[in-house]
Amino acid sequence: PVLAYGAILFVLACALGEAAARMSFVQAHIPYQAYGTNHTQLELQLNILDQFVREHGAPECFIFCSSQAFREMDPQAFAQAFETVSGEQVTCYNFGVTGSQIWSTSILNKILVEKYRPRLVVIGTSYLDYTEGREFQIDERFKQNDWLQYQTNSLTLNNLYEGWFNGWLTEHSYAWRALNLFSYAAPFGMRYSEVLREAHKWDGEIGGNGFALSQKFINPNLPVEEGFAKNLMTEFGNFSVSERNLSALEETIAFSQNSGAQVFLAEMTYNSALLELKGPKGVVRAGKEEILAFIEKVNARLDSIASKHGVIFLHADPSLEIPENGWFDLYHLNRVGAEPFSGWLGEQAGRVLGPLPPARAANEGE
């Protein structure tokens, strides 16, 4: 009887905790639903996507990849240009994630494509995704997250022990997600105000369609700081290509196609000053020729992968005019620069892509 009563009390306590967590008063003090990754921008993207689906239905087009796609592909400008040329109307959501590698993008792609069944998947990528440094950078937040494991693996005795149940709780319980959020305060001495501060850094930075809203800009003609140049060359290493991320790209393409989506690869743009890394007095640092050779090598591999899977790899046009105040930094556009670039991408996609797969039924992907 003691065990039975204890179990009943435990269940009641959990139910009360869940009810309390769902109260509007409590939710008003929670900046976003937390999924245990402690990656603020990723979790905000998941929250904003939920709101997008409630207002517009499931996206018919997803834009995936890292911060380059996040800042350079305006879904609205892309979709409008695509419709003008192709006559097909699609609703797009930008799920670019800062710091994401192609292999972590493949995890997010699997979850969202399986759930929403889009008609079009755009993978924004560039040579920066395949540097030697990327081969060895493993973000444990993606690798060991219970919610991601729950989303991408079926239940077995082994993964039940390894965290599948925690992932299930994260998916279904407001109280558990609140505990996840409170746990993010641990590195700050359990000061929850620091968690709120981290969240509020993104206020006004992410639009309702997942796109970066910042209009911050730099003058790309100014000399590049020594630390920036050193870090970039360290990222290139010996200029070998990340096979891990190329393989993950193929997995992403294949999974999207098998789920019924049309796929195309879009090369993200960058400022030409990134190749020269000019120092004081306009002196061009060593390494430009090696970078150019690396870009050529990566793009050849991407062309080969695109051909193998029967998809288009749309190379960026270096002659496309970007406004002077359109650069967030040397390898990201801001909102101003993203508009003409996204419009150009939409036009090109409308010309080279065939008819998209038919729209899903109203209840599909919900």
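Predicted model: local features only at pLDDT ≥ 70, side-chain atom pairs only at ≥ 80, totals over all residues.

Colleague: How many helices and strands are in the protein chain?

Modeller: The protein chain has 17 helices and 7 strands; these are DSSP runs, numbered from the N terminus, with helices being H or I of at least four residues and strands E of at least two. The radius of gyration, taken over C-alpha atoms, is 22 Å, close to the 21 Å that the globule rule gives for 366 residues, so the chain is as compact as a globular protein of that length. That rule is 2.2 Å times the number of residues to the power 0.38.

Colleague: What share of the residues counts as buried?

Modeller: Of the 366 residues, 51% count as buried. Buried means under 20% relative accessible area, exposed over 50%, and partly exposed in between (1.4 Å probe, protein chains only).

Colleague: Now helix 3. How many of its residues are buried?

Modeller: Helix 3 is mostly covered, with 12 of its 17 residues buried. Among them are Leu42, Leu44, Leu46, Phe52 and Val53.

Colleague: And what distance does helix 3 reach from its first C-alpha to its last?

Modeller: Helix 3, residues 40-56, reaches 24 Å, close to the 24 Å expected at 1.5 Å a residue; the expected span is 1.5 Å times one less than the number of residues. Just after helix 3, Gly57 takes a positive phi of about 85°.

Colleague: Switching to Leu9: buried or exposed?

Modeller: Leu9 counts as exposed because its relative accessibility is 58%. Its place is in helix 1, residues 2-21.

Colleague: Last one, Lys143. Where does Lys143 lie, and which residues is it in contact with, leaving aside neighbours within four places in sequence?

Modeller: Lys143 lies in helix 8, residues 140-143. With those neighbours left aside, Lys143 is in contact (heavy atoms within 4.5 Å) with Trp103, Ile138 and Gln149. Lys143 is partly exposed, with a relative accessible area of 44%.

Colleague: What separates the C-alpha atoms of Lys143 and Ser183?

Modeller: They are separated by 18 Å, and the two residues are 40 residues apart along the chain.

Key. Residues numbered from 1 in each chain as written. Heavy atoms only, no water.
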